[in-house]
Amino acid sequence: MADPIYLDHAATTPVRAEVLAAMAPYWDGRFGNPSSVHRWGREARTALDEGRERIARSLGADSDEIVITSGGTEGDNLAILGVWRTRRKSDNRNAVLTTPVEHKAVLGATHQAAIEGADERICRMLPNGVVDEATFDALATTEVAVASVMWVNNEIGTIQPIDRLAALARSRGIVFHTDAVQAFGKVEIDATKTPFDLLSISGHKIGAPKGCGAMYIRRGTPLEPLFHGGSQDRGRRPGTENVAAVVGLARAVELAKAEREEEVARLSGLRNRFESALLARVPDAVIHGRNAPMRAPHITNISVPGVDSESMLMALDLRGIGCSAGSACQSGSMSPSHVLEAIGVGRELSGAAIRVSFGCLNDDACVDRVASVLSSLVDKARGASPAMTAA
Amino acid sequence: MKERVLVAMSGGVDSSVAAAMLVEEGYDVVGATMKLFCHGEDLPDRPCCSLDSVNDARRICQQIGVPHYVLNLESAFGRDVVDDFVAEYARGRTPIPCVRCNTFTKFRDLLHKADAIDARWVATGHYARVVDGELHRGANRDKDQSYFLWGIERAVLGRMLLPIGDRSKSETRATAHRLGLELIAEKAESQDICFVPDGDHTKIIRERLGADAPSLSPGPFMLADGRVVGNHDGHARFTIGQRRGVPGGFAVPMYVVDIRPADRAVVLGPRDALLGSGVIAREMNWLVDAPQVGRQVEVQIRHRSAPATAEIVRLAGDEIELALQQPVAAIAPGQSLVVYDGDRVLGGGIIEASRRARPGLPVLAA
């Protein structure tokens with residue numbers, strides 16, 4: 001078999017060598033607890049503060065506006081539950097507003113708020129994979145405590161109009177959160193330019209380790225912690241800090257930001273090359289969200305009518321090509337994508353969906369090979385006569 | 001390397017050993033665990049289908065160096081197996097979902113997945129054998145599972161591998177140890193129906209048909225002469241030959257001898273009334289060329305019963321009637337009738353009715 005090709009960068013990425021090197025001293029030599037008074041503690045604390053500052057700078061934020069988290073899921077939960085639980089008491093705002101295409105972390109946290117008594121509001125989507133701003137506007141009333149809209153959709157790669165949505169939310173006194181896990185390093189993110197109040201990012205999507213992330217919290221945003229304990233991170237996130245991961249995350253964030261424009265151009269090129277090659281050979285392939293006004297460069301989600309994605313992913317993997325379907329449940333089996341359903345894709349097409357996500361491990365040659373393997377598998381699946389079944 | 005084989009892996013010892021043996025024999029093995037039924041998120045571990053079982057199968061595959069996939073066959077399984085299970089109980093019958101799972105899920109739907117990955121073969125951990133294109137009993141009679149396999153399409157036999165069919169359970173466990181599969185070598189066997197993990201099959205009937213389903217609603221216990229001798233709380237709780245839950249106070253032990261869904265009646269009778277001298281089955285599927293009327297064969301009307309000698313007295317379309325040489329007790333509609341010639345499985349079908357050995361005599365209450 002030729003070298004395996006990883007096309008699942010939206011799922012996770014390898015830790016970058018620079019990140020690994022930056023973290024290395026903090027596993028053993030500089031192992032201190034940042035809360036300790038002695039030299040070991042000071043050393044760790046300095047590294048932590050510097051890391052936080054560098055992350056802040058990369059987001060257009062101040063250091064005290066950054067909370068270190070375990071990743072996107074924690075950030076999403078902290079944003080929605082932390083704000084709603086505070087504001088339902090202090091401001092009498094009991095609604096949570098979000099979209100049906102969010103990551104399960106946002107949908108799950110919103111659902112949890114609903115279980116605890118929140119008014120759950122889900123705005124509509126347009127078929128192109130973008131939020132229907134009219135319904136967002138209509139639902140964004142003064143009863144809403146927090147609104148959450150993901151910047152880049154993790155399944156189909158569509159970019160939401162965060163500038164306008166955040167501004168609208170602000171005009172109604174709504175705290176606005178955006179899950180920017182897939183957006184960081186792909187779109188320009190600057191807290192001084194876009195009026196979001198909260199923003200979550202995850203380390204492992206940008207070359208830092210799994211289990212670390214950061215959350216931007218604009219000064220003055222009402223938010224109670226999820227965890228209770230010590231005074232670390234101003235009490236917003238108690239627990240001994242993962243110093244090495246913060247140092248690694250800071251490095252990854254800086255690299256991703258510095259390389260953004262070049263990488264976006266490169267990834268868009270790969271994606272366009274792939275889509276053209278595939279459509280040339282499989283003209284009826286449907287690329288979800290392709291008509292959105294803005295798309296992230298690294299995600300393409302394709303359905304080939306009549307081909308089931310489960311079989312296709314197996315066949316691709318056995319040829320050394322790793323892609324994914326929309327969403328996977330814990331057992332590793334597939335369930336129909338809630339994102340595709342929300343943008344009006346029927347069961348048959350959504351059952352055929354394959355997400356290809358490009359990144360650091362890809363170049364033109366592997367894109368060409370994948371397009372060719374994928375289209376030949378499609379031909380085979382479609383050419384399979386019933387007689388083959390019991391040959 | 002030999003041809004590719006897709007192995008259905010439950011995470012248990014049988015299918016794990018089957019996969020490992022095929023690796024040893026040089027096949028290009030691909031493991032797959034079928035997700036058939038969702039128990040909900042917080043059910044504790046079950047022998048089959050649960051998350052832990054999937055994880056066990058994945059770990060075994062990692063250990064033996066083959067890829068593993070989880071296949072979501074929930075909707076097809078729900079339609080082909082669970083819906084039928086519920087409908088059969090509603091009709092007063094006693095279905096065997098494993099038969100339909102083998103027929104439709106493992107050896108049809110899974111075969112389609114095998115096609116998609118160019119796998120020449122499909123393998124399972126069943127205790128049965130394929131010999132010269134025919135299905136045979138497992139070599140070890142105690143574990144023989146051929147009774148559950150009669151429904152597969154005949155042509156599928158040419159693509160089936162049953163690697164552990166010539167051994168006993170203890171040999172399978174010994175092989176697991178020899179191959180270092182300690183994770184699952186002593187794993188408890190699943191006895192239950194996978195979607196009825198606690199043994200209470202009425203739960204799924206209630207879920208699908210509602211708590212007020214006629215088969216779960218009160219009805220009379222009757223004797224053959226129509227006398228009502230008590231009440232039960234749903235005929236779906238009963239099967240032909242059952243004693244549990246039957247009222248006492250009779251001169252002789254009483255059994256369920258008939259279920260009449262039209263009037264929700266569970267008919268009771270003495271042991272004699274359970275005896276059948278003939279059996280009628282439908283949906284017959286032949287795994288060899290269909291035999292002729294008059295042919296003497298062996299039949300099994302339930303798993304683990306001794307084969308009974310019988311003569312084919314009628315064959316019409318997919319229906320068969322057999323005369324039993326000796327009466328057989330508790331022939332239950334919905335169970336499988338499997339026709340054997342020694343170890344060879346000739347075919348099978350679903351029991352529709354039995355011919356009573358003698359008319360039920362009135363039984364007097366003590």
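In strand β15 of chain B, B:A329 is the bridge partner of B:L275. That pairing belongs to a set of 6 bridges joining β12 (residues 275-286) to β15 (residues 319-329) in chain B, and the two strands run antiparallel. Keep in mind that this is a predicted model: local features need pLDDT of at least 70, side-chain atom pairs count only at pLDDT 80 or more, and totals for chains, interfaces and linings use all residues. Residues are numbered from 1 along each chain as its sequence is written, while chains are lettered from A and ligands numbered from 1 in the order in which they are written.

**Strands around β15 of chain B**

- A quick word on terms: helices (H or I, at least four residues) and strands (E, at least two) are DSSP runs, numbered from the N terminus, and two strands pair if DSSP finds at least two bridges between them.
- β15(B) also pairs with β14 (residues 308-316) of chain B, in the antiparallel sense and over 6 bridges.
- Within that pairing, B:A310 has B:L324 in β15(B) as its bridge partner.
- β14(B) and β15(B) make a hairpin with 2 residues between the strands, and B:G317 takes a positive phi near 60° there.

**The four-strand sheet in chain B**

- Here 4 strands of chain B line up as an open sheet in the order β9-β8-β11-β10, with mixed pairing.
- At the edges sit β9 (228-232) and β10 of chain B, each pairing on one side only.
- On average, neighbouring strands of this sheet are turned by 30° against each other, direction ignored; the axes behind such angles are lines fitted to C-alpha atoms (for helices, over the stretch in contact), and angles run from 0 to 180 degrees between N-to-C directions.
- β10 (residues 255-260) and β11 (residues 265-269) of chain B run antiparallel, joined by 5 bridges.
- β10(B) is mostly covered, with 5 of its 6 residues buried; a residue is buried if 20 or more other C-beta atoms lie within 10 Å of its own, exposed if 12 or fewer, and partly exposed in between, with C-beta atoms placed from the backbone.

- After α4(B) comes B:D118, with a positive phi near 55°.
- B:V122 touches a group of residues including B:V5, B:F107, B:L110 and B:A114, leaving out residues up to four places away in sequence; contact means C-beta atoms, placed from the backbone, within 7 Å.
- B:V122 is also listed with A:V146, B:V5 and B:V7 as having the most contacts inside the largest nonpolar core, which has 231 residues.
- The largest share of this core, 15 residues, comes from α7(A).
- A nonpolar core is a set of buried Ala, Val, Leu, Ile, Met, Phe, Trp, Tyr and Cys residues joined through C-beta atoms within 7 Å.

- A:F274 lies in helix α7 (residues 243-281) of chain A, and it counts as buried because 24 other C-beta atoms lie within 10 Å.
- A:F274 and A:A371 are 97 residues apart along the chain, yet their C-alpha atoms are separated by 6.0 Å.
- Beyond its neighbours within four places in sequence, A:F274 is in contact with A:T300, A:V356, A:V367, A:V370 and A:A371.
- A:E310 is in helix α8 (residues 309-318) of chain A and is buried, since it has 20 C-beta neighbours inside 10 Å.

**Chain B overall**

- Chain B has 7 helices and 17 strands, and 50% of its 366 residues count as buried.
- Its C-alpha trace spans about 70 × 50 × 35 Å along the principal axes.

How values were computed
Contact = placed C-beta atoms within 7 Å.
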